[in-house]
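The sequence and structure come first.

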Amino acid sequence: MALTHEQKVTLDKLVSLCKRRGFVYQSAEIYGGINGVYDFGHLGTLLKRNLRSTWLSSLSEVPGEIILFEGALLGPYALWKASGHVDHFADQMVECRDCKHRFRIDEIDLEKACPHCGKKNWSEVRQFNMMFQTQIGAVQDQKSIAYLRPETAQEIFVNFKNVITTNRLKLPFGIAQIGKAFRNEITPKQFLFRMREFEQMELEWFCKEENAKKHFEFWKDNRFNFYLSIGIKKENLRLRYHEPTELAHYSTCCTDVEYHFPFGWKELEGIAHRGNYDLSQHIKHSGKDLSIYDEETKKSIVPTVIECSVGVDRLFLTVLFDAYDEDTIEGESRVVLKLSPKLAPIKAAFFPLTKKQNEPMYKIYEAIKNKGFIVQFDESGSIGKRYRRNDEIGTPYCFTYDFESDSDKKVTARDRDTTKQERIAIDQIELFLEKKLI
Ligand code: GAP
C-alpha cells in the first residue's frame, strides 16, 4: 500500500536532508552548538531570500500603501517595559530538582515523573521571562539594561511619528518589516519550529477603529491565500480563532493560520487585532505624541493595528515539509522537493551528457546565469544521479546537452515533478524558464 504524505515525511528525514544538502546547519556545531540556534548554507540562504521576496511582493499587490522599515535589534529597558514585555513576556516553567531539566508547564504532566530522569521531584511553577537581556556601556545600572527584541513590531510603533511625517501617510496604511527576533525559549524544539534566534516578517496595518473588523477579515483571507499562492497544499492549512484565554497581553482578537506539521496542527502565522494598545502604551511611557491627524474628522487619533506576523524559519520548515515527497522512477526510488518554482533555490541545472559536451553546455549555462537566473552546472556522475541530486533540492528543470544537440541545436528539458522530457531549442531556454518560473 502506498504511504501517505504524513508517513513519508518525518522531522528526522527533513533535518538530515537539510544538513546533507547544505540548507541548514547547527550553529557553531564544532563547539557543540547552541540549542535552537541555526546557520543557513547556500541553498538555505537562497530559499530564505525567495520567501522574503514572495512575502514582500504579495504585500505590493494589496490596495493601500505599505512602506518598509528596518529597526534595531537592541532596544532600551524603557521600550520593553512600556510594551509590556518586561512584565508579561514570560512562559510558566518547572524544574526537575533532581536532574535540573526545565520544562514549559504546557508540555509536562506534573502528576507524572520527569521524562528526562524518571524521578518525581518538581519545583514550584515559576514565571520565566523569555527576553535576552544585555548591558549597554561600561556602567551597570537600570538605565544600561537593553534587550534583544523578542518581536520586530515594537520599533515600528516607537517610530510611528517619524515614519508618518517622512512619508505623509493617510489611514489605512501598512508598515512592513523583516528582521531577526530573539527569545530565550525554555525548550527550543522541532528544528526550525521553535528557535531562540529567528526571523520574522511582520506587517503592522494601521486603520480607524470603526473599520478594524473589516480590515481584520481582509488580512485573514489575504494571508491564507498567500500560502496557497506559494504552493502549500490546502488540506494542510487551516484558520484557527483564539479563545480569549489564549490571547497575548496586547491582543483583543487573533486568528492563526495553522499548518499540519508531522507533530500536529501548529501556528504558522498570527493575525492579531492589537487595538491601539502599543501606541497608547508608548504615548503614556514616553510622553510623546504618536497620534495621526485624520483629514475626515479633523481630529488626531491613535489608530488601531491589525498585525500579520510569520516567522521566516517556520515558513521555511513548512514549505519543506509540504514539498517533500518520495517516489519511484523507473524502478529507482528518489526524494523530491516539489517546491513552487518561485521558491526553488536553484531554478535549473545544466548537464553535458559526456565530457565532450562540457564546453557548449557551459556556454549555455553561463548565458542563462548572466540573465540573472540562479542556476547550476553539473557534470559529475551519471545523468540519473544528477537528476536525483537536483530533485532532492527542488530544482524544477534540468537541461541535458547530448549527441544530437550540435546538429539540431536543441537540448532535453526534464520536469522535476512529472519527470517528462521534451526537446527544446537552445535559443528558447530563457523564454521557457521565464514562463515556467512565475
Ligand atoms: N509580533 C507578534 C508576535 O511576535 P508571535 O505569535 O509570538 O507574535 C509570530 O510570533 C510568528 O513568529 C509565529 O507565528 C511564528 O511563525 C514565528 N515565531 C514565534 N516564535 C518563534 C520561535 N521561537 N521560533 C521560530 N519562529 C517563531
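A pocket, as the term is used here, is an open set of points on a 1 Å grid over the protein atoms alone, with protein on both sides within 12 Å along at least five of seven lines; its lining residues have an atom within 4 Å of a point. The model is predicted.

**The largest pocket**

In this model, 49 residues line the largest pocket, and those nearest its centre are Arg183, Arg194, His242, Glu246 and Glu267. Two or more lining residues come from each of helix H5 (85–88), strand S5 (90–95), S11, strand S13 (253–261), S14, S17 and helix H10 (312–323). Of these elements, S14 supplies the largest share of the lining, seven residues. By class, the lining has 17 nonpolar, twelve polar and 20 charged residues. The volume of the largest pocket is about 1,600 Å³.

**The ligand**

The largest pocket is where the ligand sits. Strand S11 (197–207), strand S14 (264–275) and strand S17 (304–311) are the elements that each give two or more residues to the shell around the ligand. S14 again contributes the most, here with five residues. The shell comprises seven nonpolar, four polar and ten charged residues.

Of the 21 residues around the ligand, the nearest are Glu151, Arg183, Glu202, Glu267 and Leu268. Arg183 and Glu267 are also among the residues nearest the centre of the largest pocket.

| Residue | Protein atom | Ligand atom | Distance |
|---|---|---|---|
| Phe193 | backbone N or O | nitrogen | 3.3 Å |
| Met195 | polar backbone atom | nitrogen | 2.8 Å |
| Gln200 | polar side-chain atom | oxygen | 3.0 Å |

On its own, the ligand has 550 Å² of accessible area, and the protein covers 91% of that area.

**Backbone geometry**

Which two residues are joined by a cis peptide bond? They are Leu171 and Pro172, with omega at about -5°. Pro172 is part of the loop between helix H7 (160–167) and strand S10 (173–182).

Lys100, a residue other than glycine, has a positive phi, near 70°. Lys100 belongs to the loop that runs between S5 and strand S6 (102–104). S5 is also one of the elements that give two or more residues to the lining of the largest pocket.

How values were computed. Residues are numbered from 1 along each chain as its sequence is written. This is a predicted model: local features need pLDDT of at least 70, side-chain atom pairs count only at pLDDT 80 or more; totals for chains, interfaces and linings use all residues. Side-chain values use heavy atoms; hydrogens and water are left out. A residue is near a molecule or strand if one of its heavy atoms lies within 4 Å of it. A polar contact is a pair of N or O atoms within 3.5 Å; within protein, one must be able to donate a hydrogen and the other to accept it, and residues adjacent in sequence count only if both atoms are side-chain atoms. Accessible areas come from the Shrake-Rupley method with a 1.4 Å probe; for residues, only the protein chains shown count as cover. On a 1 Å grid over the protein atoms alone, a cavity is a set of points where a 1.4 Å probe fits but cannot get out, and a pocket is an open set with protein on both sides within 12 Å along at least five of seven lines; lining residues have an atom within 4 Å of a point. A molecule sits in a cavity or pocket if more than half of its atoms lie within 2 Å of its grid points. Helices (H or I, at least four residues) and strands (E, at least two) are DSSP runs, numbered from the N terminus. Ala, Val, Leu, Ile, Met, Phe, Trp, Tyr, Cys and Pro count as nonpolar, Asp, Glu, Lys and Arg as charged, and the others, Gly among them, as polar. Grid points are joined across faces, edges and corners, and a volume is the space filled by probe spheres set on the points.
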